[in-house]
Amino acid sequence: MTRKCILRHRLAFYLLPVLLLLGMISCTKPSINFGTDIGSDNSTDVKALDIFDVKVSTVFLDSFPTSGSGTMLLGQYKDPYFGNIGARSFSEITYPGTLPTLTNLSVYDSIELIMEINKTFYGDTSRVQRYLVSQLTSVLNYPGTQTAFYNINSIPFDPAVLGSVDVRINPTAGFTSQKTGDSVKVRLPDTMGERFFNLLYNQSDTVKNAATFRGFFKGLAIYPDTTMPGAIFGFKDSVFVRLYYHDPGIVTQPKFVDFPFTNRANQFNNIYADRTGTPVQGIGRQHPEILSTASGNASYLQPSTGIYVKLLFPNINSLLQYPDYLSVMRAELKIRPVEGTFSPVFDLPPQINLTTTTEANTLGPALNAGTGNLTIDYGFGANTAYTYDVTGYIQQQILQGPENLAKNGLLLTIPANVYNTSFNRVVVGDQQNALKINQISLTIYYASYF
Amino acid sequence: MPHIFNMINLNGFSSMRIFLTILFSMLLLSRGNAQNNNSPYSLLGIGDLEDGFVNRTSGLSSTGIAYRNSRSLITNNPASLSALDNQWFAGEIGIRGKYIQYSGDPVSSTNSTSTDITFKRFTIGTKLFKHWGSAIGIAPYSTENYEYTGTKPLGTGGNLIPSYNEGYGGINKVFWANGYDFFNHLSIGITSSYLFGAINTKNVIQGAPGSAIYISKNDRTFYSNFYFDYGIQYYTAINKHWDISLGLVYANEGWLNSDHEITILDIDSVAIRSKRDVGTFTIPASYGAGITVTRNKKYTFLADYRFQNWGSLRSNTTDFLYENSQRASVGFEISNKKTAYNTRFETSFIQAGLYYNKSYMVVNGKPIEDMGVTAGFGINAKRSALNLNVSLQYGIRGTTENNLIKENYFGASFIFSYRDFWFTKGRKFE
């Protein structure tokens, strides 16, 4: 027993300092970050390559729905790169929600159409705009099997103009040359006004039943005078017709009744583009793709007129053949608008998405690569670019064979909430573009074995 | 005297058990315990060279090229082994705990200290013949232990990606040191070592911070070869009070055979490339000289200078360059002795030392210097065969200039030694 005690005692005496030290030991190494200052002789190198081909083309996509967008697009402008672009709107009004009590002494005064700008625009806003209003000769029913109205649809309307207005709009300040705030008013004919007035006075069925009213007044076409190009303005879709009258008395009481906007889902914009004389004048349903090399080493993106830019990376798979290739660490796509093709009047889309596409231009899932972080440099143009991290996409694509790479690529799109109401467009330079600052580039950073 | 014999036997037995317990627990500890200290400077070549001997000279800042001691196994200069007492057998274990406080721009402000404890040495030695002292042992020759993050250029466009580096492992030395005494004034020694061990490094580069894209490069190099170093000591009494000893050590240029294997893993799991090659790593020639003077066999003054020709090596990175290493140290020791049974023996000692070491590397244009002070004491137990020697060290290594790291470190070394008669116990009463 004694022996054991001595032993334990002495062992403790010798090991005590060691145990104390052990107690001080922490579990983690201190954190050290050398930044770029100290490399290690054994770290893997990363090399950059921008030699892979990017095949750029302009593609024409089929029509797209424009109904129910909440926006009326009206106007026409001339774009040196995209042609004459115009938009007109078709919408419905209905009978007043509360019928006024008209007496045989009530007197009709006037009738006008009122629409409110939504402050969006594209083109030259300094010009006087002429808007014309006509009555539809056919009701707003979706054609054929369609479940919406498309940009290419149009509803027949009476060529006789009900009314027109010449107006200059300052959309950013929110007022017009009519000096009635942000509203644009179009005087309509008194014959129409008196007819509406009589219906109200007679409390006719027409102003009590929506279907009957629709049969009586099928709707409105509002369109620009094509001889006066300026800008396309956005208006709120809630256009309405206001009828003014008064009841006699010692003091005349001006009164009005509104025929409000209805069937929002049916309101749509017909958008047309005349590309004659532009580099992509031949594009259309019959000829849906034009290579950038055939259109001035550039391609043209304007989703609201149905033209998109498609990118193919036909030979990135050759990276796999590099003897030192280990892995793609990052891939960066830089899309450069051609210098001089954009201006504060012909603005670039603030956001462009990348969406996968096939040979038939069937859109696949969008890439989660952001919207391009556009930087605009009007001074020299050299720094104007959309930049994307396409690492994940390129990692997948390099594994594809050349057949697939020749077919499947990326389509530049603009975000869904604005694609059918925004006219912002971009001219994308290809790799053969005469100016380096206009050239699209794909840079692949790969980990190198050497 | 059977009673005394009994006591000695008892104590001898229990001391041996304690000694072995310490030995095995230290071996287990050094295997099972991760090394926490982070020495980014160890990433060059074969890592941090262990130039501090954890032995009797620890408290003297490892000054001992000319040092001779009859009780301790000193391998700073193999020639000193001939000074061992005849008929004695000794075993020593050296361990060292080190606390480091790191400073400099790269160091995190919240996580800037570490402590670890490592097994540094196990040696057994004896006098094989009257003039021939011999010791065998194992000790680390170099250690590599670092972990740091950084950034790496992505191509030439100025973009950076995160990188992570770690290295661990080291080279061990199994040695057999011999010293032979001629004419009671001259000793010649040789240490034959076999160096072996693996150094592992890992570098991870990531596509972007937080990205799931990363490539790790795992290098493992196994080094091995024989290595020899030589020493000579000349010692004499100057007069009645003063003794002097002069020492020289030398090792010619040697090399390690390296077996190098690189494996590159994608996302740390799928091996995409691997390569194996063999080569050599040169250990440059080294030189050292020392002097020791002793007054009245009690007060000892020591001084050493060592030099190694690392400047002859070429680095394959521009961040690190080799330069010749130099180390100078001085020490002072007071040894308390007592006479019993007609023999003078040491009961305790205290030591102090200073050192300055210009290491073999230049990082970011700055030579890495290491300097510090040491103090030590030792007690030779009266009734036990077990002795304890403790030395403390405070030093500064590196600099905070040029985005480098300065280490303020505090070390404590423990040398446990077991000492008993060799072959026959009866000789003690000669």
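Two strands pair if DSSP finds at least two bridges between them, and strands themselves are DSSP runs (E, at least two residues) numbered from the N terminus. With that in hand, open the model, which is predicted: local features need pLDDT of at least 70 and side-chain atom pairs count only at pLDDT 80 or more, while totals for chains, interfaces and linings use all residues. Residues are numbered from 1 along each chain as its sequence is written, with chains lettered from A and ligands numbered from 1 in the order in which they are written.

**Stop 1: strand 4 of chain A**

Select residues 83-93 of chain A. Of these 11 residues, 10 are buried (20 or more other C-beta atoms within 10 Å of the residue's own, with C-beta atoms placed from the backbone).

- Strand 11 (220-224) of chain A runs antiparallel to strand 4, joined by three bridges; look for Phe90(A) with Ala221(A).
- Strand 16 (268-274) of chain A, also antiparallel, has seven bridges to strand 4, and Asn84(A) is partnered there by Asp274(A).
- Strand 3 (71-79) of chain A makes a hairpin with strand 4, leaving three residues between them; Gly75(A) has Ala87(A) as its bridge partner.
- Strand 15 (261-262) of chain A pairs antiparallel over two bridges, with Thr262(A) opposite Glu92(A).

**Stop 2**

Zoom in on Ile232(A): beyond four places in sequence, its contacts (C-beta atoms within 7 Å) include Leu74(A), Ala87(A) and Phe423(A).

**Stop 3: a four-strand sheet**

Strands 20 and 26 (441-448) of chain A share eight bridges, and Val328(A) faces Tyr446(A).

**Stop 4: two domains**

Finally, colour chain A by domain: domain 1 is 47-62 + 285-448 and domain 2 is 71-274, with bounds from an automatic or database assignment. Their centres, taken over C-alpha atoms, are 40 Å apart. Across the boundary, 14 residues of domain 1 of chain A are in contact with 14 of domain 2.

How values were computed:
Contact = placed C-beta atoms within 7 Å. Buried ≥ 20, exposed ≤ 12 C-beta atoms within 10 Å, placed from the backbone.
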